[in-house]
Amino acid sequence: MGRTSTIEQMPQEILDKLQTLLRDPRISQLEATAKINTVLESLGHEVVSKSAVNRYAQKMERVGQKLRESREVAKMYIDRFGEDQSGEVGKLVNEMIRTMVFDITLKMQGETIDPDMAPELAKMIKNLSLSMQQLENAAAINSKREQEIKRIAAKEAAEAAVQSMTRQGMSKATVDTIKRDILGIAN
C-alpha cells in the first residue's frame, strides 16, 4: 500500500485553506503551494511539494467533475419527474447509489482502482449509505406526517358534516353512516 500523501497529513484547517486557494481562479497552484508551505512551516509541519499539490488539485477536479455530472443527472430527473415526486426521485437516487456501490465493488475486485483511493472510496460508500438511510427515514417521517394530516382533515370534515346534517334533521343512523364513509371506517 502506498504512503499517505503529505496533503492528507495536513491538519484539517490547513487542508480547508488549501482547498479554498485551489478553487480561487486568481491563484496559481504555485502560489497556493507557497502560501500553504508558509503556514505549515510556521506551525512546524512538513511542507508539501508542488507535485503533491498538483496531484491533489487534479483529484479535486475529478471529484468536482463527478459532482457536477451527478447534479446535472439529478436535475434532469427532477425536471422530468417534478419536485413533488419525492417518492420517485428517492427511488431513483437509491437505485443510482446501489449501482455506484456495485460498480465500485466490481472495480475493487478487478483491481482497477488505485489502492490509494480505497480508503476514500470506503469512506464515500459509508457516507452514501448513511445519507441513504437518512433520506429513507425522512421519507418515512414525511409519509407518516402526511397520513396524520389526512386523518385529521377527514376527522374534521366528518365532524363538520355531522354538525351540518344534525342541524338539518337527518337521522342518527344516516349521520353515522355518512361519518363512517368520510372516515373510511368499514361497517
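Student: What percentage of the residues of the protein count as buried?
Tutor: This is a predicted model, to begin with. Of its 187 residues, 20% count as buried.

Student: And how many helices and strands are there?
Tutor: There are 6 helices and 0 strands. From the N terminus on, the elements run α-α-α-α-α-α.

Student: What does the accessible surface come to?
Tutor: About 14000 Å². Carbon and sulfur atoms account for 55% of that surface.

Student: What share of the contacts join residues at least 24 apart?
Tutor: 49%, counted among contacts between residues at least 6 apart in sequence.

Student: You listed Met10. What does Met10 touch?
Tutor: Leaving out residues up to four places away in sequence, Met10 touches Leu15, Leu18, Ile36, Leu40 and Val48.

Student: Let's look at H1. How far does H1 reach from its first C-alpha to its last?
Tutor: H1 has 12 residues and reaches 16 Å. That is close to the 16 Å expected at 1.5 Å a residue.

Student: Which residues of H1 are buried?
Tutor: Ile14, Leu15, Leu18, Gln19, Leu21 and Leu22. They cover an arc of only 160° around the axis, so they sit on the same side of H1.

Student: Which exposed residues are on the face turned away from that buried side?
Tutor: Glu13 and Arg23.

Student: How many residues apart along the chain are Thr20 and Ala32?
Tutor: They are 12 residues apart, with 9.2 Å between their C-alpha atoms.

Student: Now H2. What should the 14 residues of H2 span?
Tutor: At 1.5 Å a residue, they should span 20 Å. The end C-alpha atoms of H2 are 20 Å apart, which agrees.

Student: Which residues of H2 are buried?
Tutor: Ala32, Thr33, Ile36, Asn37 and Leu40. Seen down the axis of H2, they fall within an arc of 130°, so they line one face of the helix. Leu30, Thr38, Glu41 and Ser42 are exposed on the other side.

Student: Which residue just after H2 takes a positive phi?
Tutor: Gly44, with a phi of about 80°.

Student: Last stop, H3. Is Lys59 there buried or exposed?
Tutor: Lys59 is in helix H3. Its relative accessibility is 18%, under the 20% cut-off, so Lys59 counts as buried. Lys59 touches Glu8 and Met117, not counting residues up to four places away in sequence.

Student: And what is the relative accessible area of Glu61?
Tutor: Glu61, also placed in helix H3, has 45% and is partly exposed.

Student: How far apart in space are Glu61 and Arg23?
Tutor: 9.4 Å, C-alpha to C-alpha. In sequence, Glu61 and Arg23 are 38 residues apart.

Methods
Residues are numbered from 1 along each chain as its sequence is written. This is a predicted model: local features need pLDDT of at least 70, side-chain atom pairs count only at pLDDT 80 or more; totals for chains, interfaces and linings use all residues. Side-chain values use heavy atoms; hydrogens and water are left out. Contact means heavy atoms within 4.5 Å. Helices (H or I, at least four residues) and strands (E, at least two) are DSSP runs, numbered from the N terminus. The expected span of a helix is 1.5 Å times one less than its number of residues. Buried means under 20% relative accessible area, exposed over 50%, partly exposed in between (1.4 Å probe, protein chains only). The arc is that of the directions from the helix axis to the C-beta atoms. Accessible areas come from the Shrake-Rupley method with a 1.4 Å probe; for residues, only the protein chains shown count as cover.
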